[in-house]
Amino acid sequence: RNAKFYPTHEGIDFYHHYQEDIALFAKMGFKCFRMSINWPRIFPNGDEYEPNQAGLEFYDRVFAELAKYQIEPIVTLSHYETPLYLVQKYGSWRNRKLIDFFERFCEVIFTRYREQVRYWMTFNEINEVMNQEMPYHQAGIIYQPGENHGDVKLQVSHHLMIASAKAVILGHRINPEFKIGCMILGVPNYPLTPMPSDVLKAMEQDKGNLFFADIHARGEYPKYMNRYFKENNIEIKFEEGDAEILKNTVDFISFSYYMSSCATADSEKNKAGKGNLISG
C-alpha cells in the first residue's frame, strides 16, 4: 500500500550483509546460528517442480561462511513465509495440497544440505496458529465467509503437524544423522491467585500451547484434546494413514520464550500478567 511505510522491507538486510554479520557473530564467540531457509526464495510460487537455483546458491554461500568460522547452523524450514501464491490459489494450509508442496521443498533442502546442516526445525512457533485471531503470518490463513474460525485453525494445525511429521520421515531417510525438532512459542502460565479456578485456568491455557509439543513428541493427539473435541462437537478431518504419520516423532523440542503469563478465571482481572505480546 503506497500510503503506508514498511521499515521491515529492508530490516537487517542479511541477504546483502551475511558475510559481515557472520564475522561479527564469530567475533562475539557464537558457536551456533539459528536461521531459516525462505520457502518462496526456493520455490517462488510454492507449487513448482524445479527449485530456483539462485536461491539455493545464496544458502550455499551462507553455509560456507558459517563453516569458515566453525559456527553450527540450526535451520528452520518454514518461518512465517508461506508463499503468497499458495495462499491465493489454494487457500493456504486449510488445503492438504500444501503438505505435498512443503514436502517437495524439504526434499530439495535436505538433499542439498545433508552434509552442511545437522539440526533442523520444521515450523517456527507452530502453535501460533491457535494464538491468533487470524493466523495469517503463521499459516497464510484468510477466513472465508461463513467459516468457523476455531474449526479452521484446528484443521490447519492438523495439516501443519502432518507436514512436520512427513518432514521428519523424509529427513531421517535422506540422512539418519539429522536431528529434526519442532518449535513452539513457549509462554508458561501461572495462576494469578491460589484459587482453584485460577489454577485450572492456567492449566487450560498451557494445554492450548503444549498439545502441539505433545503430538510432535508423543506421536498422537493427547487425551485432553480428544475430550475437548468431543465436548465441543469438533471433528478434525483425518485422512487414511494420518495417525501412522504422526507417530514419527521429533528428536527434540525447541521453543522461543518471550515472557511468562498469569491466568485468572476472574473477568475483572483478566488483563493481569498478559506480558509483552498483548496490546491494549
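What follows is a set of questions and answers on a predicted model.

Student: On what basis are the values given, and what pLDDT do side-chain atom pairs need?

Tutor: Residues are numbered from 1 along each chain as its sequence is written, and side-chain values use heavy atoms, with hydrogens and water left out. The model is predicted, so totals for chains, interfaces and linings use all residues, local features need pLDDT of at least 70, and side-chain atom pairs count only at pLDDT 80 or more.

Student: How do H1 and H3 pack, parallel or antiparallel?

Tutor: Helices are DSSP runs of H or I with at least four residues, strands are runs of E with at least two, and both are numbered from the N terminus. Axes are lines fitted to C-alpha atoms, for helices over the stretch in contact, and angles run from 0 to 180 degrees between N-to-C directions. The axes of H1 and H3 are 10 Å apart, at an angle of about 10°. Angles under 35 degrees count as roughly parallel, over 145 as roughly antiparallel, 65 to 115 as roughly perpendicular and the rest as oblique, so H1 is roughly parallel to H3.

Student: Which residues of H3 meet H1, and how many residues of the contact are charged?

Tutor: Contact means heavy atoms within 4.5 Å. From H1 come Phe14, Tyr15, Tyr18, Gln19 and Ile22, and they meet Phe58, Arg61, Val62, Glu65 and Leu66 in H3. Ala, Val, Leu, Ile, Met, Phe, Trp, Tyr, Cys and Pro count as nonpolar, Asp, Glu, Lys and Arg as charged, and the others, Gly among them, as polar. By class the contact has seven nonpolar residues, one polar and, as charged residues, two.

Student: What is the relation of H9 to H10?

Tutor: The axes of H9 and H10 (residues 223-231) come within 10 Å and cross at roughly 120°. That angle makes the relation of H9 to H10 oblique.

Student: How many charged residues are in the contact of H9 with H10?

Tutor: Lys207, Leu210, Phe211 and Asp214 in H9 meet Tyr224, Met225 and Arg227 in H10. The contact holds four nonpolar residues and no polar ones, and its charged residues number three.

Student: Which element gives the largest share of the lining of the largest cavity?

Tutor: On a 1 Å grid over the protein atoms alone, a cavity is a set of points where a 1.4 Å probe fits but cannot get out, a pocket is an open set with protein on both sides within 12 Å along at least five of seven lines, and lining residues have an atom within 4 Å of a point. Grid points are joined across faces, edges and corners, and a volume is the space filled by probe spheres set on the points. There is one cavity of 30 Å³ or more, and the largest has a volume of about 50 Å³. Its lining includes Met161, Ala165 and Val168, and the largest share, three residues, comes from H8.

Student: How many residues of the lining of the second largest pocket are charged?

Tutor: The second largest pocket holds about 610 Å³ of space. Of its 21 lining residues, Ile12, Asp13, Phe14, Asn38 and Arg41 are the closest to its centre. Helix H1 (14-27), strand E1 (32-36) and helix H3 (53-68) each give two or more residues to the lining. By class there are nine nonpolar and six polar residues, and the charged ones number six.

Student: Is isoleucine 109 buried or exposed?

Tutor: Isoleucine 109 lies in helix H5 (residues 97-112). Beyond four places in sequence, isoleucine 109 touches Ile37, Ile42, Leu56, Leu77 and Trp120. Buried means under 20% relative accessible area, exposed over 50%, and partly exposed in between, with a 1.4 Å probe and protein chains only. Its relative accessible area is 0%, so isoleucine 109 is buried.

Student: What separates the C-alpha atoms of glycine 186 and methionine 259?

Tutor: Glycine 186 is in strand E4 (residues 179-186) and touches Phe255, Ser256, Tyr257, Tyr258 and Met259, leaving out residues up to four places away in sequence. Glycine 186 and methionine 259 are 73 residues apart along the chain, and their C-alpha atoms are separated by 8.2 Å.

Student: What is phi of glutamate 125?

Tutor: Most residues other than glycine have a negative phi. Glutamate 125 lies in the loop between strand E3 (119-123) and helix H6 (128-131), and is buried at 5% relative accessibility. Although glutamate 125 is not a glycine, its phi is positive, at about 45°.
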